[in-house]
Each structure stands twice: as C-alpha cells, then as structure tokens.
Amino acid sequence: MRKRIVAGNWKMNLTAEEAVNLFNEIEEKLTVTDVDVRAYAPSIYLQSLSGKSKKVTVGAQNFYPSSKGAFTGEISPTQLRSIGINTVLIGHSERRDLFGENNEFIHTKVKSALENELDIILCCGESLETRDAGNEVEFVTGQLSSALNGVESESMKNIAIAYEPIWAIGTGRTATSQQAEDMHLAIRNWLVSKYGSAIAESTSILYGGSCNAGNAKELFACPNVDGGLIGGASLDAEAFLTIISSY
Ligand code: PGA
C-alpha cells in the first residue's frame, strides 16, 4: 500500500511559543499510527523541534541548493542535515510566484535534495487561468517533467508529489474531490509513462489547497489521493488531528 502522508505547512506563521505549543499538542493527542505525519516549520524553529517526536517528522519549507558559501540569508541542505532535518518542500507556488523560483531552479533544488538524502514533497499546480483554458494537466505534468528531469527510478522512493491548485491555496475554495481525483490520476498516469507502473503505484500524491477538517474525508476517499499538504488548517491542532484521522 502507498504511504499516506499528512503534512502541515506552517508557512510564515506562529511565534516560538505558539510553535512549540502547537507541536506538543499534536504530538500528545496523535493516536493514528498508519499515517506519516509531518510539520514543515519555519526555519528558525527547526532545531528546537527536530527529533522532539517519534510520531511527527519535522521538515524544512525551504533551502538553497548549494552545500555552503556566500549565499546571505540562505540555509544549505548540509546545515539542515546537521540538525537532523531529513525532509523538505520544493516547488510550492508561493516560492514560485513570490520568490521567482522557476522550473529550472526547482529542478536544481530536487537534485540537491536527493544528493543530500533529503526526502522531498514536490509541489505542483495550475492557476485558475490555466484551468479555465483547459490546460491544467499539460501544465502540471510539464512542471513535474522539468523538476524530475534526469531523476532515476530509485530516487522516487524519496519523493512524494503534492498537487496544489493555486486557486485553492488559502482561498477557502477547495478543488472538488472529482477535480482532485482527475488530476491525481493524470499525474499517476504520467508517472507510469516515465517510471513504469510499480513506481507510479508506490508514489504518494497529496492534495493541497483549502483542505480542512470538513472536507478531508471526501478528498482522502479518492483512490489516487494519498494524503494532504495542509496550510491554514494545520495551525490548529484539533483541525489538523481531525484531518489526519480522516482516512
Ligand atoms: P492552505 O495551504 O491549506 O492554507 O490552502 C496549502 C498549502 O499552501 O500548502
């Protein structure tokens, strides 16, 4: 069976005290054992949260794809590894749109993360304009094709994909379960054509974009939805725990 993953993307939220309280509450109340639960925390909290829990894996929202050097303000994969961080987000639409990360840079980050043995949640997703034009599958598989260019089959065990339609992120407008399933199936078919069915069947594909305690059950019931990347609703322990229990 494919790994089910529910990951919180805390983005640029929470004070230090709030972050610790949220993490502790999730850790204390989490009883589900068959879901890989993760918290992608702001970088300044990573060291204090890293290794704190056997039940919740802490990951980084961002890194710079070089081992060291003159990159003011950036954090390297080596530095992340040195504080026990083993997983990163790559390709989030906010990094693409607000910080100018293009497909080429995202591909460089994927290679760098794999070289440094970091597990990846690779995000993809189309704008409303692209969807309205009916080009969403071509667009999303194009993003994946670029990000995974040259990535060998054996590295796919370290990669999960998160489909996050931009029009659903932080908007309260979630994709319908049918829209999510259609895209997840298209992504899986694309994986079959690139890596074959065994790899495609074992790659987790998460949904992200206004997933919450009220709609997670329906989304997670889709055969090709293997979990969620949760923004806003992951900042509330009860809501996040309900989402985790929604399988
Ligand atoms: P959201 O964010 O759940 O707040 O829509 C999801 C994400 O950006 O990962």
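1. Does Ser93 count as buried or exposed? The model is a predicted one, and in it Ser93 has a relative accessibility of 9% and counts as buried, the limit for that class being under 20%. Ser93 belongs to helix H4, which covers residues 93–98. Once residues up to four places away in sequence are set aside, Ser93 touches Leu98, Ile166 and Ile169.

2. The next point concerns helix H11 (237–244). Of the 8 residues of H11, 6 are buried, so this helix is largely enclosed by the rest of the structure. The buried residues are Ala237, Ala239, Phe240, Leu241, Ile243 and Ile244. The elements that cover them include strand S1 (5–9), helix H1 (residues 16–29), strand S2 (36–41), H10 and strand S8 (227–230).

3. The packing of H1 on H11 deserves a separate look. Two packed helices are described by the angle between their axes and the distance between the axes. For H1 and H11 the angle is about 40° and the axes are 9 Å apart. H1 is therefore oblique to H11, and H1 passes H11 in a right-handed crossing. On the side of H1, the contact is made by Leu22, Glu25, Ile26 and Lys29; on the side of H11, Ala237, Glu238, Phe240 and Leu241 take part.

4. H7 contributes Glu136, Val137, Val140, Thr141, Leu144 and Ser145 to the meeting, while H8 contributes Met183, Ala186, Ile187 and Trp190.

5. H7 also packs against helix H5 (103–115), at an angle of about 50° and with the axes 8 Å apart. H5 and H7 are therefore oblique to each other. Asn103, Glu104, Ile106, His107 and Val110 of H5 make this contact with Gln143, Ser146 and Ala147 of H7.

6. At 0% relative accessibility, Leu191 counts as buried. Which residues is Leu191 in contact with, leaving aside its neighbours within four places in sequence? They are Met156, Ile161, Gly196, Ala200, Thr203 and Ile205. Leu191 and Thr141 are 50 residues apart in sequence, and their C-alpha atoms are 9.2 Å apart in space.

7. How many aromatic pairs does a search of the whole structure find? The search finds 4. In one of the pairs, the ring centres of Phe220 and Tyr247 are 4.8 Å apart and the ring planes lie at 20°, so the pair is stacked, since planes under 30 degrees apart count as such. Phe220 lies in helix H10 (residues 216–220) and Tyr247 in the segment after H11, so the pair ties together parts that are 27 residues apart in sequence. Phe220 is buried, with a relative accessible area of 5%, whereas Tyr247 is partly exposed at 28%. Elsewhere, ring pairs link Tyr64, Phe71 and Phe105 into a cluster.

8. Charged side chains are also placed over aromatic rings. Arg4 lies over the face of Tyr247, at 4.1 Å from the ring centre. Lys109 lies over the face of Phe63, and here the distance to the ring centre is 5.3 Å.

9. Leu14, in the loop between S1 and H1, has a phi near 85°, a positive value in a residue other than glycine. Glu117 is not a glycine either, yet has a positive phi of about 55°. Glu117 is placed in the loop between H5 and strand S5 (119–124), and Glu117 is exposed, with a relative accessible area of 60%.

Terms used. Residues numbered from 1 in each chain as written. Predicted model: local features only at pLDDT ≥ 70, side-chain atom pairs only at ≥ 80, totals over all residues. Heavy atoms only, no water. Phe/Tyr/Trp six-rings, centres within 6.5 Å; stacked < 30°, edge-to-face > 60°. Helix = DSSP H or I, 4+ residues; strand = E, 2+ residues; numbered from the N terminus. Buried < 20%, exposed > 50% of the residue type's maximum accessible area, 1.4 Å probe, protein only. Lys NZ or Arg CZ within 6 Å of the ring centre and 35° of its normal. Axes fitted to C-alpha atoms, helices over the stretch in contact; angles between N-to-C directions. Parallel < 35°, antiparallel > 145°, perpendicular 65-115°, else oblique. Left-handed = near helix turned anticlockwise from the far one by under 90°. Contact = heavy atoms within 4.5 Å.
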